[in-house]
Amino acid sequence: MLPRILTRALTAAAAASILALPAAAQNEPLTIGFIYPSPVADVGWAAELNHGRESLEEQFGDKIRTIFVENVPEGPDAARIMNQMAAQGADMIMLGSFGYMNDGIRLAEQNPDMTFIHASGYKLAPNFGNFQSRNYESSYLVGMAAGDVTETDTIGVVASYAIPEVIGMINAFTLGLQEVNPDASVKVVWLNSWFDPPKAQESARALVAQEADVVYSLYQDTPSVVSVAEEEGFWVINTSSDMKEYAPNWLLASQIADWSSYFIESVQATLDGNFEGTAFWGGMADGTVDVKSWASSISGETMAEIEEVSAAIRAGEFHPMTGPIVDQDGAERLAEGEVIADDAMQGIDWLVEGVETRIPQ
Amino acid sequence: MDVLVFIVSGTLAAATALIFAAMGELVAEKSGVLNLGIEGMMATGAAMGFVMMSLTGSYTLGFLGGAALGLALSMVHAALTIVFRANQTASGLAIGILGLGLSSAIGKKFEGKTVPGLPESGIPGLSEIPVLGPMLFQQDLMVYLSIILIFATWYVLNRTKLGLTIRAVGENPEAAHALGLRVRAIRAGCVGFGGAMAGLAGAYMSIAYTPLWAEGMIAGRGWIVVALIVFGTWIVRRVVFGAYLFGSISLLQLSIQAFGVNVPSQLMSALPYIVTIVMLAVISRNAMFIRLNSPASLGATLRLS
């Protein structure tokens with residue numbers, strides 16, 4: 001997009017100034033570069049990645065040095081910035097967006113001594129690993145909470161695009177919801193836009209106007225939906241970051257992703273020289289995914305149930321997508337006791353019964 | 001909240017930013033200067049308005065700050081196109097890009113933060129009318145101001161000497177110049193008014209409509225304004241009709257989705273654009289009429305002897 005040009009120029013200038021430091025010599029600290037697709041704010045995707053970076057600094061102290069460049073558009077700019085990082089002596093690079101994948105893989109092949117970790121992609125190399133989170137696990141839990149507090153039995157979801165990760169989360173959410181409240185159903189508004197806070201707010205209002213008393217703000221990076229919930233007084237659940245401070249009275253729960261332990265592991269492996277490029281899909285068991293700020297209005301009974309399910313998920317005894325599961329058309333997708341396979345979950349393109357809205361075709 | 005109340009009352013608020021920016025740009029274009037930088041001016045106004053409001057807690061200062069920065073950016077456009085005779089299209093685009101970059105720099109420290117939204121103030125008496133009250137008369141102050149602005153713009157452009165002067169400058173700057181009108185000053189004033197209104201519209205987005213700052217939050221609304229004026233054939237009531245139509249259809253499509261009606265949501269998302277363009281194209285199908293209303297010198301480089 002044309003107006004992005006100036007931001008790009010600024011980003012490039014920022015990158016140049018950060019990187020104009022003396023290149024690392026042999027016994028210098030391990031230099032780790034971070035590239036984020038959006039500006040680092042208090043909350044949101046880049047903020048969570050940045051928390052991971054901060055916990056690295058805490059953990060390793062002067063054994064490492066971290067640098068980051070934010071708001072880097074996918075494409076030639078990202079390629080230039082990561083190449084520059086490599087040229088200036090970075091030993092490891094964290095790539096924070098799907099679209100950095102191909103340029104990252106190319107750079108990894110050219111620099112076998114460096115290591116790379118990449119968010120949400122699918123390509124791997126011996127020195128190039130990727131990471132994702134099993135957010136659907138926590139979606140099931142917050143769904144249970146929604147089932148407890150709803151009085152209208154109508155839950156609204158504000159979602160950006162119908163990609164498998166989002167569909168999987170809506171499915172798990174609905175299953176959790178119906179576990180507690182079999183009569184409740186889910187309505188989805190697809191924004192068809194990755195970023196439009198005013199439209200996200202309008203959508204939340206539209207859902208509330210149609211009886212929804214809990215709104216699930218799914219991957220909205222800004223507190224748009226959360227703040228309108230506090231203003232209008234309806235329950236809200238959000239993803240990525242804890243947004244309690246934006247809706248102290250009306251936040252039902254926040255699903256969070258914490259990359260610290262994965263980042264620390266990868267950096268330790270790089271320091272030890274035994275890094276392997278693997279696909280990491282972190283869930284509740286390893287602490288990558290969790291729920292924070294449960295509202296006190298959730299009944300004690302449901303809360304106890306949530307704790308129980310949460311323990312079962314952590315222990316690997318329960319998978320939210322366990323049959324019998326019926327899709328919107330009434331067809332059985334998973335038989336009694338059948339658990340969805342990981343690759344089926346990663347490519348999921350159907351919604352469960354109880355979701356009223358269709359996936360846009 | 002009832003669905004109908006949501007759509008009608010929401011439309012007034014949703015269209016308010018469009019109305020402010022569109023009335024400003026309409027005046028600028030009537031004087032013969034095209035400013036394609038609205039998106040950037042709105043973004044800068046939004047960032048500045050939000051920063052001012054966060055720091056001082058005053059909505060008035062927020063709106064004034066937004067308007068002032070929009071005005072400042074438009075003055076760059078005025079200087080380039082009126083004094084240095086630069087191409088209006090190119091200069092406008094440059095201002096737009098500059099504005100987006102500037103907004104990101106100004107709002108850097110405030111990314112993702114929120115402020116309490118401008119409170120709604122019901123008109124005493126009227127807001128208690130059942131159904132109609134909550135629909136129309138329970139809005140924030142800027143919504144009422146935007147409606148006053150519509151009438152003021154129409155009145156000034158069509159019924160006053162100032163309006164006649166602005167239109168004369170836009171129709172035939174050489175003739176206006178020969179008559180002794182101060183063409184450059186009038187154009188600069190109109191461009192400045194457009195910039196201030198775009199800045200105000202941006203501030204409305206960031207401190208009233210969606211009270212938060214996030215880079216890119218204007219999300220194309222400035223371009224909608226540019227389109228509304230062309231499709232509304234430079235006539236106040238048509239531009240306003242377009243803005244409200246656009247606002248209502250964008251809320252209606254969300255309501256239809258929320259209702260669970262099985263229609264492709266991509267089509268629904270495109271609906272506001274399609275309906276607005278079709279409606280305005282239909283009412284503006286008379287080519288002669290368009291030629292009568294579009295400022296004859298719009299976009300042309302000013303050449304005064």
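Select A:F98 and show its surroundings: leaving aside residues up to four places away in sequence, A:F98 touches A:E74, A:H118, A:A119, A:S120, A:G121 and A:Y122. Contact here means heavy atoms within 4.5 Å. A:F98 is found in the loop between β3 (92-95) and α4 (101-110) of chain A. Helices (H or I, at least four residues) and strands (E, at least two) are DSSP runs, numbered from the N terminus. With a relative accessible area of 41%, A:F98 is partly exposed; buried means under 20%, exposed over 50%, and partly exposed in between, using a 1.4 Å probe and protein chains only. Now draw a C-alpha to C-alpha distance from A:F98 to A:H118: they are 7.5 Å apart in space and 20 residues apart in sequence.

Before moving on, a word about what is on your screen. This is a predicted model, in which local features need pLDDT of at least 70 and side-chain atom pairs count only at pLDDT 80 or more, while totals for chains, interfaces and linings use all residues. Residues are numbered from 1 along each chain as its sequence is written, chains are lettered from A and ligands numbered from 1 in the order in which they are written, and side-chain values use heavy atoms, with hydrogens and water left out.

Next stop: salt bridges. A salt bridge is a side-chain nitrogen of Lys or Arg within 4 Å of a carboxyl oxygen of Asp or Glu, and the count over all chains is 12.

- Select A:D77 and A:R80, whose side chains meet in a salt bridge (3.2 Å, N to O). These two are three residues apart in helix α3 of chain A, so about one helical turn separates them. A:D77 counts as buried at 9% relative accessibility, whereas A:R80 is partly exposed at 38%.
- Go on to A:D329 and A:R358, where the salt bridge spans 2.7 Å, N to O. This pair links distant parts of the chain, 29 residues apart: A:D329 is in the loop between β13 (325-326) and β14 (332-334), and A:R358 is in the segment after α11 (342-346), both elements of chain A. A:D329 is exposed, with a relative accessible area of 59%, while A:R358 is partly exposed at 31%.
- Then pick A:R205, A:E231 and A:E232, which salt bridges with shared partners join into one network.

Now colour by chain and look at where A and B meet. Here 43 residues of chain A are in contact with 39 residues of chain B. About 3400 Å² is buried between them, with carbon and sulfur atoms giving 59%; buried area is the accessible area (1.4 Å probe) that two parts lose on being put together, summed over both. How many salt bridges lie between chain A and chain B? The count is three. One joins A:E70 to B:K108 (3.3 Å, N to O), and another joins B:R221 to A:D196, with the closest N and O atoms 3.2 Å apart. B:K108 is partly exposed, at 34% relative accessibility.

Last stop: the second largest pocket. To find its centre, select A:R205, A:E232, B:S9, B:A13 and B:E120, the nearest of its 23 lining residues. On a 1 Å grid over the protein atoms alone, a cavity is a set of points where a 1.4 Å probe fits but cannot get out, and a pocket is an open set with protein on both sides within 12 Å along at least five of seven lines; lining residues have an atom within 4 Å of a point. The largest share of the lining, five residues, comes from α1(B).
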